[in-house]
Amino acid sequence: MGTLRVIQWTTGKVGKLSLRGILDDPRLELAGVYAYSDDKAGTDAGPLCGRPDTGVLATRDIDELLALGADTVLYTPFMADLDHAVRLLESGLDVISTNLFLNVGGIQGETKARLEQACERGNSSLYISGINPGWINTMTAAMTAVCRDVQMVSIAESADVSVYESAETWQALGMSLPEATPQVIEIAKMWLSTFHDAVQRMAVTLGYELDDMEFFIEHATASEKVDLGWFCMEKDTIAAIRAGWNGKVKGKTVVQSKVAWYLTKQLNADWDFLDDHYHVVIKGEPEVDTRIRFIPPDTWGNHEWDTMTAMPAVSAVLDVAAAPAGILGLKDVGLVTAPAGIWQHD
């Protein structure tokens, strides 16, 4: 497979990092950039992601982008536009998305039907990736291959989310509110449906037919006022959550995905948080207990942590191009890797 031409769709927190990933991968060529806002239109792609000029200018003209003859779109907007996604897929472009389409109902029901039809008409593929959901689910599913029996698979994510400067995200999950009302819990359930999707994708990959999905959530409040500069929580307002989904068969949890997210450790609750970002447990024969900790370089600021959301999508471009048309699952794409040999330093 030769060099693939890629369009970067938006250059926000994740998009600017996937844009860097495209520029760093010699297997890929940056064909175009979609600008979400008018002020970015006409700007060279390089400065949009902290790199030298590339000669590729961002545009809001979708017809112009479709005429480029590109192969793939890296789709990273904060809010999905279903009409845009359908148009891209119908044109024959593969779409690799770090967005779960939650604001348009998620990959289910009418939204799923429209995306599937668009893939069929364009002979194209849609693949959802990122770090979680995404990379960690593929890694966990693959680890079950050493087992002769599997009873349950669990992924626990623990993270200091004060590095993710998105006030909208944390407000939606109830952070800074005095209590978790039923309405707050319902909104959080919607936002955390990304992990509902992750549990279902792992279940399909592992051959489980789930008959129930159970949501759980609990909140903890700050023991003192916490001002992060970009977000402030008064004393005794919500500053941490523990939540997730249990995928069940006949009343027994067989696949679980849960998160423990905190904006501060100064809490009224006696909660412990893992230093490891992921704790994966496969109960079976043998039992697998794996802990994963990411160690950033000293040069990273808060926004650089989104690299781990962006890069699984960038690294999947060639694998998605080789996969069949349609909405792709974990097995359809297979083992995505970084082009380490190409990056090898002297």
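1. **Ground rules.** This is a predicted model, in which local features need pLDDT of at least 70 and side-chain atom pairs count only at pLDDT 80 or more, while totals for chains, interfaces and linings use all residues. Residues are numbered from 1 along each chain as its sequence is written, and side-chain values use heavy atoms, with hydrogens and water left out.

2. **The seven-stranded sheet.** An open sheet of seven strands has parallel pairing and the order β3-β2-β1-β4-β5-β6-β15. The edges are taken by β3 and β15 (326-327), each with a single partner strand, so one side of each has no neighbour in the sheet. Strands here are DSSP runs of E with at least two residues, helices are runs of H or I with at least four residues, and both are numbered from the N terminus. Two strands pair if DSSP finds at least two bridges between them.

3. The side chains of R5 and E29 meet in a salt bridge at 2.9 Å, N to O. R5 belongs to strand β1 (residues 4-9) and E29 to strand β2 (residues 28-34), so the pair ties together parts that are 24 residues apart in sequence. A salt bridge is a side-chain nitrogen of Lys or Arg within 4 Å of a carboxyl oxygen of Asp or Glu. R5 is partly exposed, at a relative accessible area of 22%, and E29 is also partly exposed, at 36%. For these labels, buried means under 20% relative accessible area, exposed over 50% and partly exposed in between (1.4 Å probe, protein chains only).

4. T59 lies in strand β3 (residues 58-59) and counts as buried at 9% relative accessibility. Its side chain reaches the backbone nitrogen of D61 at 3.0 Å. Leaving aside neighbours within four places in sequence, T59 is in contact (heavy atoms within 4.5 Å) with V33, Y34, A35, E64 and L65.

5. **Helix α1.** Is helix α1 mostly covered or mostly uncovered? Helix α1 (residues 15-24) is mostly covered, with seven of its 10 residues buried. The buried residues are G15, L17, S18, L19, R20, G21 and I22. They pack against β1, β2, α2 (45-48), β4 (72-75) and α10 (307-315).

6. Strands β7 (residues 149-160) and β12 (residues 252-262) pair in the parallel sense over eight bridges, and V153 stands opposite V255 in β12.

7. **The β13-β14 hairpin.** β13 and β14 pair in the antiparallel sense over five bridges, and a hairpin of two residues joins them. The bridge partner of V280 is T290 in β14. In a regular strand the side chains alternate between the two faces of the sheet. β14 has a covered face of V288, T290 and I292, and an uncovered one of D289 and R291.

8. **Other salt bridges.** The count comes to 16 salt bridges. One of them joins E90 and R121 at 2.5 Å, N to O. That pair links distant parts of the chain, with E90 in helix α4 (residues 82-90) and R121 in helix α5 (residues 109-122), 31 residues apart. E90 is partly exposed at 33%, whereas R121 is exposed at 52%. The side chains of E234 and K225 also meet in a salt bridge, at 3.9 Å, N to O. Salt bridges that share partners join D276, D289, R291 and R293 into one network.

How values were computed:
A polar contact is a pair of N or O atoms within 3.5 Å; within protein, one must be able to donate a hydrogen and the other to accept it, and residues adjacent in sequence count only if both atoms are side-chain atoms.
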